[in-house]
Amino acid sequence: MGALSGVRIADFSWALAGPSATMMIASLGAEVIKIESRTRLDVTRHGPTFDATNRQKLAVTLNMRHPKAIELAKELVRKSDAVVENFRPGVMDGFGLGYESLREVKRDIIMLSCSIAGGAGPYARYAGYAPLFVALSGLGQLVGYEDGPPTEIRIAADIIVGMTNAVALLGALVHHQETGEGTHIDISAVEALASMGGDSLLDYTMNGRVQRRLGNDDSAMAPHNCYGCAGEDSWVSIAIGTEEEWQAFIRAIGAPAWTADPRFAHGLARIRHRAELDELITKWTGERTPQQVMELLQPAGVAAVPSYKAPDLFGNPHIRERGVTKKLQKGEQAMEVVMPGGKLSKTPYVIDRPGAQMGEHNGYVLGTVLGLSEQEIRDLEEQGVLE
Amino acid sequence: MVAGPYCGKLLADMGADVVKVEAPLGGDVARRQAPFLNSLPHQDGSVLFLHLNTSKRGIQLDYTNPLGLGILKELVKDADVLVEDNPPEVSDRLGLRYEALTELNPKLVVTSVTPFGQSGPYKDHKAYPLNSFHAGGEGYLTPLANPLSVNGMLERPPTKQGRFVGEYEIGMLAAIPTLAALFHSRAGGGGQHVDLSKQEALIGLNFLEMAFWLIGGPVPTRTTRMMDIGGIMPCKDGFVEFCLHEEHQWKGLVRMLGDPAWAEEEWAQKPATRAEHSGEINGHLREWLPQYTKAEVMELGQQAGTTVAQYNEIPEVVESEQMRVRDYFVDVTHPVAGTRKYPSAAYRFDGRPLALKPAPLLGQHNEEIYRGILGFSLEELGQMRELGVI
């Protein structure tokens, strides 16, 4: 029983940006039917990421080159609340499944189309993956060191687009619930990424100021960085925002002589001398693990948190108590998957189905949802409609 | 600080009636954050505040004061959703617990955004956006190494992303269960509590990174995930990104480089052997690139059929034909900040860009809400103001 029980999604999406969105929707209790074809495989189908991105979904196979498959797709849409796709613009139209055609089948259908540029503008004709969209969005320029090149964002970028898709889809579902109206949502992956630097964009349109990457620097705080700790590639993040926190920090580290230096007497001075400040702090953190630094500073009211690497992230006592993974059984294999953020008190995220085999739910979708007989389904198989 | 308001912004910009509750004196701390419009500190001039609070109505209310808390509870009776980002011990102390609020309004969805959630040994730990980003594990993997920067990379600290990328991500990840819970409530399911730990939101965002490790892969670090062929490369006037996954994109790359002789070699015909020669291939690319601007590389590359894009700087994004055609930047008129172009959203509903409204002045909608909705008289408003409640 999830928050979106009763909602059905016809999911034509593939790769990561679409499927990660529909995975969230499925985890919220909606019935998501993933439409695939052996004639054109999802790039992730036989890779290690498939289960993580496509768990919770039902799987049906439809060979979109066959006219009968298009008819079935339309019937499925008639029984669905929303359609999700992330093909290049024009592909769904080419199938005869564009928004206008789908509206004829179901007047209040919600359709979400995600592509690099939202279907308009010079970027619409470009091919690419998330790292390219990051480059075009300006976001890459905001990440990295001041004296270094822009930074690539790879997997996370696809998921950022996916989460943007999920927000829009949920907004449309709520709107439909209120008004009975469907909509065509078109989403630009480049804009989804640009939006992650929204206030930086606004600083340019308002003040003509071009913000760029600054490592961990903050314009109003010092100390504000990651500091090297004992151990290989081991870091702790420390941020101090008030004079009170600075005084508490000094006391917590045993008030070494350098903390009385006028260079560090107040906020502005510390920002000006942050390079020296950081070096001196590193002498202290360098003798301790990130965990030890956190345990010494947090009781003093100082924000110190390790820059967690995977084993410490999943192994630390807080996460172990909160629980962020769930075990899923896939045949003989047990796998651990990461849960989406957010604990809902009444309708928690549902995580109980691994990624389905291709066509695993043909019987259910075609038989139960669309009402076809077993013979009709066998005929379709023979005709290659369910390839 | 940023994530909670951003969650509210997402809902407001999509048309929800979002009422922002601010402390009577000074308002939201973001009002005091630089940069400011024209570099003039002003409570209605903070770029961050103006961005995060578009389309919201605004009232002043001190709900740490028992009288103020009473007023908040009145407001909550008619609300669908409450979004708050108080530390758990503060919510506890004030009686802002979900259990108390649900008695007033069983349909209410309460979304609490905190660094580490409402339970667990770290729930009262302090975290600024920098700390939350590193708490979630993505910090450790940033910046992603590439052949240009990999030497000595691990001696430098891992970083956050941009100013508030992590916070915007968290805001979206808060909006998702909030909207779902709203849908559920309106379907008759009643309200519920959404306990959004910023740390867990970011762990969830990085589920794929972690998936590799969870199935027994190596511990991901900044250097374990470098692309072998391509990635970020410098050219005449900036940087471009090559990201190849399919055979036809490789063929396009070869075409772009003018079908050089080395591409005819045995090892260049199959992906597996190509990967072994990635250093050599990248070397050829780096010889070719300095002759061309990033725009030229993108055009030539895409025409030839490979997957390459230029790294735009912010001005190039804002001034691009692409953004103009899509109306991604929309005019918003604010009484103090004037009319400026604001980034809207990546989504269009039925082809229309979102119609953003300006962020509220401090207490701009006090009358509208206190008199209009709660029925306070002018005298009562005056008394509340004097007491510092509003």
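Task: Is Arg324(B) buried or exposed, and which side chain meets that of Arg324(B) in a salt bridge?

Solution: 
- Start with accessibility. Buried means under 20% relative accessible area, exposed over 50%, and partly exposed in between (1.4 Å probe, protein chains only).
- Arg324(B) has a relative accessible area of 54%, so Arg324(B) is exposed.
- Next, find the partner. A salt bridge needs a side-chain nitrogen of Lys or Arg within 4 Å of a carboxyl oxygen of Asp or Glu. Glu321(B) meets that requirement with Arg324(B), at 3.0 Å from N to O.
- Now place the pair. Both residues sit in helix 15 (residues 321-326) of chain B, three residues apart, about one turn of the helix. Helices (H or I, at least four residues) and strands (E, at least two) are DSSP runs, numbered from the N terminus.
- Glu321(B), at 42% relative accessibility, is partly exposed.
- Last, look for a network. Salt bridges with shared partners link Asp186(A), Glu191(A), Arg326(B) and Arg348(B) into one network.

A word on the source. This is a predicted model, in which local features need pLDDT of at least 70, side-chain atom pairs count only at pLDDT 80 or more, and totals for chains, interfaces and linings use all residues. Residues are numbered from 1 along each chain as its sequence is written, chains are lettered from A and ligands numbered from 1 in the order in which they are written, and side-chain values use heavy atoms, with hydrogens and water left out.

Task: Which residue of chain A forms a salt bridge with Asp195(B), and are the two partners buried or exposed?

Solution: 
- Recall the general rule. Side chains of opposite charge can pair when their charged atoms come close.
- A search of the whole structure finds 45 salt bridges over all chains.
- One of them joins Asp195(B) to Arg322(A), with the closest N and O atoms 2.8 Å apart.
- The pair crosses between chains, from strand 5 (residues 192-197) of chain B to helix 15 (residues 317-322) of chain A.
- Asp195(B) is buried, with a relative accessible area of 8%. Arg322(A) is buried as well, with a relative accessible area of 8%.

**A pair that spans the sequence**

Task: How many residues apart in sequence are the parts tied together by Asp80(B) and Arg186(B)?

Solution: 
- Check the salt bridge between Asp80(B) and Arg186(B). The closest N and O atoms are 3.1 Å apart.
- Asp80(B) lies in the loop between helix 3 (66-77) and strand 3 (81-84) of chain B, and Arg186(B) lies in helix 7, so the pair ties together parts 106 residues apart in sequence.
- Asp80(B) counts as partly exposed, at 36% relative accessibility. Arg186(B) is partly exposed too, with a relative accessible area of 36%.

**Backbone exceptions**

Task: Where does Gln56(A) lie, and what is the value of phi there?

Solution: 
- Most residues other than glycine have a negative phi, and most peptide bonds are trans.
- Phi of Gln56(A) is near 75°, a positive value in a residue other than glycine.
- Gln56(A) sits in the loop between helix 2 (50-54) and strand 3 (58-61) of chain A. At 7% relative accessibility, Gln56(A) is buried.
- Turn to chain B. Asp350(B) is not a glycine, yet has a positive phi of about 55°. The loop between strand 11 (347-349) and helix 16 (366-371) of chain B holds Asp350(B). Asp350(B) is partly exposed, with a relative accessible area of 35%.
- Then check omega. The peptide bond from Ala34(B) to Pro35(B) is cis, with omega near -5°. The bond from Thr142(B) to Pro143(B) is also cis, with omega near -10°.

**Helix 10 of chain A**

Task: Which residues of helix 10 of chain A are buried, and what covers them?

Solution: 
- In helix 10 (residues 243-252), the buried residues are Glu245(A), Trp246(A), Ala248(A), Phe249(A) and Ile250(A).
- Contact means heavy atoms within 4.5 Å. The cover includes strand 8 (235-239), helix 11 (267-272), helix 12 (274-285) and helix 13 (290-297) of chain A.
- Pick a residue of helix 11, Arg270(A). Arg270(A) is buried, at 2% relative accessibility. Among the residues that Arg270(A) touches are Glu243(A), Trp246(A) and Leu277(A).
- After helix 10 comes Gly254(A), with a positive phi near 85°.

Key
Lists of a residue's contacts leave out its neighbours within four places in sequence.
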